[in-house]
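Biologist: I'm new to this one, could you show me the model and take me through it?

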Amino acid sequence: MFTSSHLLDLVVDETGRGIASLDPATGETIGSFRPMTVAELHESVDRAAQAQPAWASLSDAERRRFLHRAADAIEESAEALAELLSREQGKPLNGPNARFEVGGCVAWLRATAETEIPVEVIVDDETGRAEMHYRPLGVVGAISPWNWPMMISIWQIAPSLRMGNTVVLKPAETTTLSVLALVAVMNTVLPEDVLIAVPGSGGTVGDALVRSPKVSKVMFTGSTAVGKKIIEASAANVTRLTLELGGNDAGIVLPDVDPAVIAEDLFWGAFINTGQTCAALKRLYVHDDIYDRVVDELTKVAAAVPMGRGLDEANVLGPLQNRAQFTIVDELVEAAKASGARVVLGGDPDRDAVGNFYPTTLIADIDPRERLVVEEQFGPALPIIRYTDLDDVIGLANALEYGLGASVWSPDRSRALEVAARLTAGTVWINSHGGLHPLVPFGGAKQSGYGREFGLEGLKAVAEPQVISG
Ligand code: NAD
């Protein structure tokens, strides 16, 4: 079991020449990490490649036990991990935040360990027998983002290890220490070189990882822009890809809802992790009949939710993780204000204050073509668009290049299902938004990516299908 200062001792670079990781609430330096050189990255990949055959030769039952032991290790140091995550990412300890994220790592590891992988008998008749098996790919290169840095890394690590691959993991630059700590904890129980973290800066290490001829598969979660670079880089070795990219999820509220009943779920669908969630509700379309009441109820909920430094137990919303993201949100809200949209709540950040705090912001009566609606804001600023015609609003929801998630809000399930069937998104939630389950496949349509994570689908995605015929 580690304390948070032990964890930091394990992962910080003592030379003082590393890159400082900053607390986004205070601007203070938490510690530094030293980015790897490309040569060091290649050495790491070599080590993972050498370790892979022995890992693959373990029985599936043994690998499942290792996943449980890694979950045990995380559980034992859960509070220390949550504290470091809260300091570096900014998300509060409480609420659906840092402790929740560390708990999610444990839950995903255990669920991945428990998923059964049946041999698929495709044909078994007078023409012969054909079975589908799933073999290890080799080394999986994993590249994770800064919004849910530990949990998303686990989403990549857990299925890869279960299927007999070893993993080389590149954390996002601004949340490197959290991921190095998570890996250090897991490596107290995993065999050597089965899981290696490769800190980097500016895309060099990530790019070299994707281009390595010894990496058979890349699991990438991040922006669509970087996802496109990875597609190009993967061409050299026909490297397999799972891409979980950007999102700009629409929520459609039908006129038959009770606004007071849905307000809290709407709020958390949009503002979980202070809006820095790929599949958060990022544009809310509300029918004219109930528009004003939905805005009022949502405002009541939003105004009461405390934001502040993550280590303060009272808070459930935190700062934006980095200044670049603060600037994106600020610019989009300023453009919306200039367009004549109505600020119902927030929209007035203190730009000179310490920390990257952007207030909870609701923007009503906004043109559906405004940048705050059509660009991914990835922060606590929700545009609420008025609509009257269902066909029009479905058209607007489907009009963007993104297609990660969407939601329909109505007490009439069959009506909601009809709308859901017309939405182009990897997941459509009914009367909620953004909830994930380790056994339910998750992934994007259109430029939100390709491939699916979680459950049996997710396991198959980090394996090579092999037909045994005869
Ligand atoms: P990002 O694309 O900037 O970075 C993601 C990772 O890619 C980081 O580790 C980064 O260092 C690395 N990287 C940068 N350039 C690279 C290159 N050329 N080659 C290889 N790797 C490179 O994303 P971000 O800002 O960390 O995360 C926010 C974005 O991630 C948002 O768009 C969000 O919607 C998306 N996201 C998607 C999902 C999903 O499941 N679909 C989940 C979380 C976040």
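Modeller: What follows is a short talk about the ligand and its surroundings. The model is predicted, so local features need pLDDT of at least 70 and side-chain atom pairs count only at pLDDT 80 or more, while totals for chains, interfaces and linings use all residues. Residues are numbered from 1 along each chain as its sequence is written, and side-chain values use heavy atoms, with hydrogens and water left out.

Biologist: How many residues surround the ligand?

Modeller: There are 28, counting a residue if one of its heavy atoms lies within 4 Å, and the closest are Trp146, Lys170, Ser223, Leu245 and Glu376.

Biologist: What classes are they?

Modeller: The shell has 14 nonpolar, nine polar and five charged residues, where Asp, Glu, Lys and Arg count as charged, Ala, Val, Leu, Ile, Met, Phe, Trp, Tyr, Cys and Pro as nonpolar, and the others, Gly among them, as polar.

Biologist: Where does the ligand lie relative to the domains?

Modeller: Domain 1 (4-245 + 448-469) and domain 2 (249-430) both give residues to the shell, so the ligand lies between them; those bounds come from an automatic or database domain assignment.

Biologist: And which atom of Ser223 lies 2.6 Å from a ligand oxygen?

Modeller: That is a polar side-chain atom, whereas for Ser144 a backbone N or O atom lies 2.9 Å from an oxygen atom of the ligand.

Technical notes. A polar contact is a pair of N or O atoms within 3.5 Å; within protein, one must be able to donate a hydrogen and the other to accept it, and residues adjacent in sequence count only if both atoms are side-chain atoms.
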